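Subject: Structure handover and notes

Hello,

The structure is below, for you to look over when you have time. My notes follow it.

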Amino acid sequence: MTEQKVALVTGGTRGIGRAITLGLADIGVHVAAGYFSNEDSAKSTIEAASAMSGSVSVHRVNVGEPDECLQYAQDVIEQFGRVDYLVNNAGINIDRTVRRMSLDDWHQVMRINISGCFYMVKGVIEHMIERKSGRIVNISSIIGETGNVGQANYATAKSGLHGLTKSLALELAHKGITVNCVAPGFISTDMLSSVPPDIIEQIVERIPVGRLGNPEEVAFAVINLLDDRSAYITGAVIPVNGGLDM
Ligand code: NDP
């Protein structure tokens, strides 16, 4: 078994996930980053990490498919001998008011944003218990706390992650495994690119810090929770939102 720490980061080659992957590679971790559709980002993430003390491998996985999640976890455990960190970051939004939301819009967001997290946990939990060590961080959202017009599916999934996180934290606390959530506010990534500029302006006006967040600021919170020194933080939801929703 390698001495190097090993992380699984879903959606780990774009946006917030990429910042987490590169932040971990920069401190010497091997990151087995999941990606779904964007091969160019996957390749460029490996390249971006090439001069770092850690390393990145990429693994195609649809977190909405339980078998793919279990296989991804098993492959990494076999290949690298260990998984120290799981970051459930992959997420999608399909925004419509409830009146216009189809059953498929609802189920798709639940499948990726919450069931995907459950499937990934199932993939690593026995391994982490066996090693009496592990860190799990789930990326939720401010919207899981506040709700939002046109985001009932997304808000429900993200607040569901808070319940999953706290239940898992209770189940795993005495086994050396911590489970936490990081709940970003509005972060400058592709996910916000479909929001019209005038709406972004209105959002920024409500943010006490006066700007959108950047992916590295979310990654910093995640990486701190993964650190050995965070052993006494579990079941927490850490907001990274520039003071919005205090
Ligand atoms: P992006 O849209 O930039 O990236 C989404 C990531 O999820 C990509 O890496 C994508 O992979 C991956 N992904 C999408 N569908 C699947 C799937 N079926 N299986 C596996 N991976 C998948 O989003 P962000 O970086 O902004 O968001 C990352 C997380 O942060 C999400 O959970 C999001 O809900 C949350 N968040 C984001 C906020 C923001 O303002 N940006 C605010 C609050 C929370 P690929 O590129 O290969 O398709």
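Strands here are DSSP runs of E with at least two residues, numbered from the N terminus. In that numbering, N180 belongs to strand β6, which covers residues 177–184. Please keep in mind that this is a predicted model.

N180
The relative accessibility of N180 is 0%. Buried stands for under 20% relative accessible area, so N180 counts as buried. Its side chain comes to 3.1 Å from the backbone nitrogen of G235. With neighbours within four places in sequence left aside, the contacts of N180 include I136, V137 and N138, and also T165, L225, I233, T234, G235 and A236. N153 is 27 residues away from N180 along the chain, and 22 Å separates the two C-alpha atoms.

H59
H59 sits in strand β3, residues 55–60. Its relative accessible area is 14%, so H59 is buried as well. The side chains of H59 and S57 make a polar contact of 2.8 Å. Apart from neighbours within four places in sequence, H59 touches A32, A33, G34 and Y35, along with Y72, V76 and Q79.

Ligand
How many residues surround the ligand? There are 29, and the closest are R14, S37, N89, Y154 and T189. Two helices, α1 (15–26) and α6 (152–172), each contribute at least two residues to the shell around the ligand.

- F36: a backbone N or O atom lies 2.7 Å from an oxygen atom of the ligand.
- S37: a polar side-chain atom lies 2.6 Å from an oxygen atom of the ligand.
- T189: a side-chain N or O atom is 2.5 Å from an oxygen atom of the ligand.

On its own the ligand has 890 Å² of accessible area, and the protein covers 95% of that.

Helix α4
Helix α4 runs over residues 103–131, which makes 29 residues. From first C-alpha to last, α4 reaches 41 Å, close to the 42 Å expected at 1.5 Å a residue. Where is the kink in α4 centred? The kink is centred on S115, with an angle of about 40°. After α4 comes K132, which has a positive phi, near 55°.

Regards

Key:
Residues are numbered from 1 along each chain as its sequence is written. This is a predicted model: local features need pLDDT of at least 70, side-chain atom pairs count only at pLDDT 80 or more; totals for chains, interfaces and linings use all residues. Side-chain values use heavy atoms; hydrogens and water are left out. Helices (H or I, at least four residues) and strands (E, at least two) are DSSP runs, numbered from the N terminus. The expected span of a helix is 1.5 Å times one less than its number of residues. The bend at a residue is the angle between axes fitted to the seven residues ending there and the seven starting there. Buried means under 20% relative accessible area, exposed over 50%, partly exposed in between (1.4 Å probe, protein chains only). A polar contact is a pair of N or O atoms within 3.5 Å; within protein, one must be able to donate a hydrogen and the other to accept it, and residues adjacent in sequence count only if both atoms are side-chain atoms. Contact means heavy atoms within 4.5 Å. A residue is near a molecule or strand if one of its heavy atoms lies within 4 Å of it. Accessible areas come from the Shrake-Rupley method with a 1.4 Å probe; for residues, only the protein chains shown count as cover.
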